[in-house]
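Subject: Structure for your review

Dear colleague,

Please find below the structure that I am handing over to you. The notes that follow it set out what was found.

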Amino acid sequence: MKLSYLGVSSERFIIYLSPLEINLFELIEYFKVVKCIELYFDGKEGKSITNETIRVDDLKSLLINNNQVVEFNLNLDGTFSIKNIWWNDLFIEGPIFNLQEIINYMYKINLLNKTQIKQLLKKPNKFESRNLCPKNFNSYIQDSDRYEKMLNL
């Protein structure tokens, strides 16, 4: 993982990880209901799901029976927002009181190891030696020119 960010405020947290191989099937494993704000599959058919709430088992069937997911923005159990802002980037947002729960979950499914968790917790609201509150981080990371420079593209 080249870049990471933990943003915390009194109400919400943000975790950003890049680059990261994302297995959506594993990512949704322990949840019950998914609201697909946006879910786009690769392929000619251009299959997508927008603003639809479905059970995790039904989403798993879709993942098995369709091409690779190229873009997603999901709400899991009405608590966590999980999306890929760029190709291999994971952006997770939720209520601050669920931060430990999501970190434990990410450790359990091998998205983070103990060293990475320690690094995240050691420097909240810091990204590339800058102090960025969660409110400003989203627009900062979505700036295309800055993103290309960060990854040396």
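I begin with Pro 19, which sits in the loop between strand 2 and helix 1. Please note that this is a predicted model.

**The Ser 18–Pro 19 bond and its surroundings**

The peptide bond that joins Ser 18 and Pro 19 is cis, with omega at about -20°. Ser 18 belongs to strand 2, which covers residues 12–18. The relative accessible area of Ser 18 is 1%, and the residue is therefore classed as buried, the limit for that class being under 20%. The side chain of Ser 18 makes a polar contact of 2.7 Å with the side chain of Asp 89.

**The largest pocket**

The largest pocket holds about 340 Å³ of space. Two elements each give two or more residues to its lining, namely helix 1 (24–27) and strand 5 (69–76). Strand 5 supplies the largest share, with three residues. In total, 16 residues line the largest pocket, and those that lie nearest its centre are Ile 22, Gln 68, Val 69, Val 70 and Phe 72. Sorted by class, the lining consists of 10 nonpolar residues, five polar residues and one charged residue.

**Asp 77 and Lys 32**

Asp 77 is placed in the loop between strand 5 and strand 6, the latter spanning 80–83. Lys 32 lies in another part of the sequence, in the loop between helix 1 and strand 3 (33–41). The side chain of Asp 77 reaches the backbone nitrogen of Lys 32 at a distance of 2.9 Å.

Which residues does Asp 77 contact, leaving aside its neighbours within four places in sequence? They are Phe 31, Lys 32 and Val 33. Lys 32, with residues up to four places away in sequence not counted, touches Ile 54, Arg 55 and Val 56 as well as Asp 77. Arg 55 can also be related to Asp 77 by distance: the two are 22 residues apart along the chain, and their C-alpha atoms are separated by 9.5 Å.

Asp 77 has a relative accessibility of 33% and so counts as partly exposed. Lys 32 is exposed, because its relative accessibility of 64% is over 50%.

**Strand 1: Ser 4 and Val 8**

Ser 4 is located in strand 1, which runs over residues 3–8. Is Ser 4 buried or exposed? Its relative accessibility is 19%, and Ser 4 therefore counts as buried, since that class takes values under 20%. Leaving aside neighbours within four places in sequence, Ser 4 is in contact with Tyr 16, Leu 17, Leu 120, Lys 126 and Phe 127. Between the C-alpha atoms of Ser 4 and Lys 32 there are 27 Å in space, while the two residues are 28 places apart in sequence.

Val 8 is likewise found in strand 1. With a relative accessible area of 25%, Val 8 is partly exposed. Val 8 and Ile 109 are 101 residues apart along the chain, and 22 Å separate their C-alpha atoms.

**Two asparagines with positive phi**

Asn 125 is placed in the loop between helix 4 and strand 8 (126–127). Asn 110 also has a positive phi, near 65°. The loop that holds Asn 110 lies between helix 3 (99–108) and helix 4 (114–122). Asn 110 is exposed, with a relative accessible area of 68%.

**Cysteines**

How many disulfides does the structure hold? The number is zero. A disulfide is a covalent bond between the sulfur atoms of two cysteines. As to the accessibility of cysteines, Cys 36 counts as buried at 0% relative accessibility, whereas Cys 133 is partly exposed, with a relative accessible area of 34%.

With kind regards

Note on methods. Residues are numbered from 1 along each chain as its sequence is written. This is a predicted model: local features need pLDDT of at least 70, side-chain atom pairs count only at pLDDT 80 or more; totals for chains, interfaces and linings use all residues. Side-chain values use heavy atoms; hydrogens and water are left out. On a 1 Å grid over the protein atoms alone, a cavity is a set of points where a 1.4 Å probe fits but cannot get out, and a pocket is an open set with protein on both sides within 12 Å along at least five of seven lines; lining residues have an atom within 4 Å of a point. Grid points are joined across faces, edges and corners, and a volume is the space filled by probe spheres set on the points. Helices (H or I, at least four residues) and strands (E, at least two) are DSSP runs, numbered from the N terminus. Ala, Val, Leu, Ile, Met, Phe, Trp, Tyr, Cys and Pro count as nonpolar, Asp, Glu, Lys and Arg as charged, and the others, Gly among them, as polar. Buried means under 20% relative accessible area, exposed over 50%, partly exposed in between (1.4 Å probe, protein chains only). A polar contact is a pair of N or O atoms within 3.5 Å; within protein, one must be able to donate a hydrogen and the other to accept it, and residues adjacent in sequence count only if both atoms are side-chain atoms. A disulfide is a pair of cysteine sulfur atoms within 2.5 Å. Contact means heavy atoms within 4.5 Å.
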